[in-house]
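Here's a quick briefing to read alongside the model. Have the sequence and the 3D view open as you go.

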Amino acid sequence: ASLWTPSHHRLERWSLSAELLPHRLDVFHSTDFIPPLRGGRRHVISVHDLNFLLYPQFLTAESRRYYNDQIRFAVRRADHILTISQSSKQDIMALLDVPDEKITVTLLAADERFRPLDEDTLSSAREALRLPEDYLLYFGTFEPRKNLLGLAQGYAELLRRLPDAPPLIIAGKRGWLFEDIQTKIEALGLGEKILLREDIPHDHLPALYNLATALLMPSYYEGFGLPALEAMACGTVPIVSNRSSLPEVVGDVGLMVDPDDPGAIAAAMERALTDAPWREAQAKQAIRRAAGFTWESVARSTLNVYRAVS
């Protein structure tokens, strides 16, 4: 059934409770972590990350108030909590004093359409998206915790080492506090070497990953980091931060870097661009690792939680 209660509304708990009451649910799962006051006999919530507690400076004041005011009620009210990485589980336990047995980790997976594509499909997508012959790629939301400024500084250092390096494409959609980041990136004077691409059509995302030399994700914090896994499923080498959940996702594939070190980010990009045998070996390893993450496993774990609490 469709519900009219909007998420992130100040009366969300109460209005959602009123909507759900006639349904007499055994289990209600709040995927945006805010449970109603009374929605079912048992409540399961998903807490994807605690970015708003660990890095409050990366959110707007309004967003901080909304999440901070709700999270402690949510974890107390829930009968069980689902999260998407061991890193996030440890954060929930440490910051919110939630016991281990109340949390289940369900790692995410890449959709099956994220895979190596044939040359005709790639050629068509390159033309449709106006993509250069070679490029490095960031894909995600444009917001402070993604460390786009650090990525741009690393890319500037790369250009000092490799003046003919291919462009860096920053693709995705704008999030909060992006205007200040954009101003600082433009001040680096990289001109057309950094290409901003917003609102890439969903159907073209597999090709966008396929055609990239490497996927860059030097985030300060990620609850999971799905773009890294999607890129790996396409055979694209990931270069990610060594923090939060990202090491769980990539394992021994690609390269991990200190997000506070633009020189390390530059060195990782340089290797991806210049070491073709390594890159080809990593591509095969990436596809194998990504195949180990399945939505069937996610569904099975989630169903087991529903059964356990009901």
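In which helix does Glu-186 lie? Glu-186 sits in helix H7; helices here are DSSP runs of H or I with at least four residues, strands are runs of E with at least two, and both are numbered from the N terminus. This is a predicted model, where local features need pLDDT of at least 70, side-chain atom pairs count only at pLDDT 80 or more, and totals for chains, interfaces and linings use all residues. Residues are numbered from 1 along each chain as its sequence is written, and side-chain values use heavy atoms, with hydrogens and water left out.

**Helix H7**
- Phe-178, Ile-181, Gln-182 and Ile-185 are the buried residues of H7 (residues 178-186); buried is under 20% relative accessible area, exposed over 50%, partly exposed in between (1.4 Å probe, protein chains only).
- They cover an arc of only 100° around the axis, so they lie on the same side of H7; the arc is taken from the directions from the helix axis to the C-beta atoms.
- Glu-179 and Thr-183 are exposed on the other side of H7.
- The buried residues pack against strand S5 (136-142), helix H6 (148-161), strand S6 (168-174) and strand S7 (194-198), with contact meaning heavy atoms within 4.5 Å.

**Glu-186**
- Glu-186 is exposed, at a relative accessible area of 56%.
- Leu-149 is 37 residues from Glu-186 in sequence, and 9.8 Å from it in space, C-alpha to C-alpha.

**H11 and H12**
- Arg-271, Ala-272, Leu-273 and Thr-274 of H11 meet Ala-276, Trp-278 and Arg-279 of H12.
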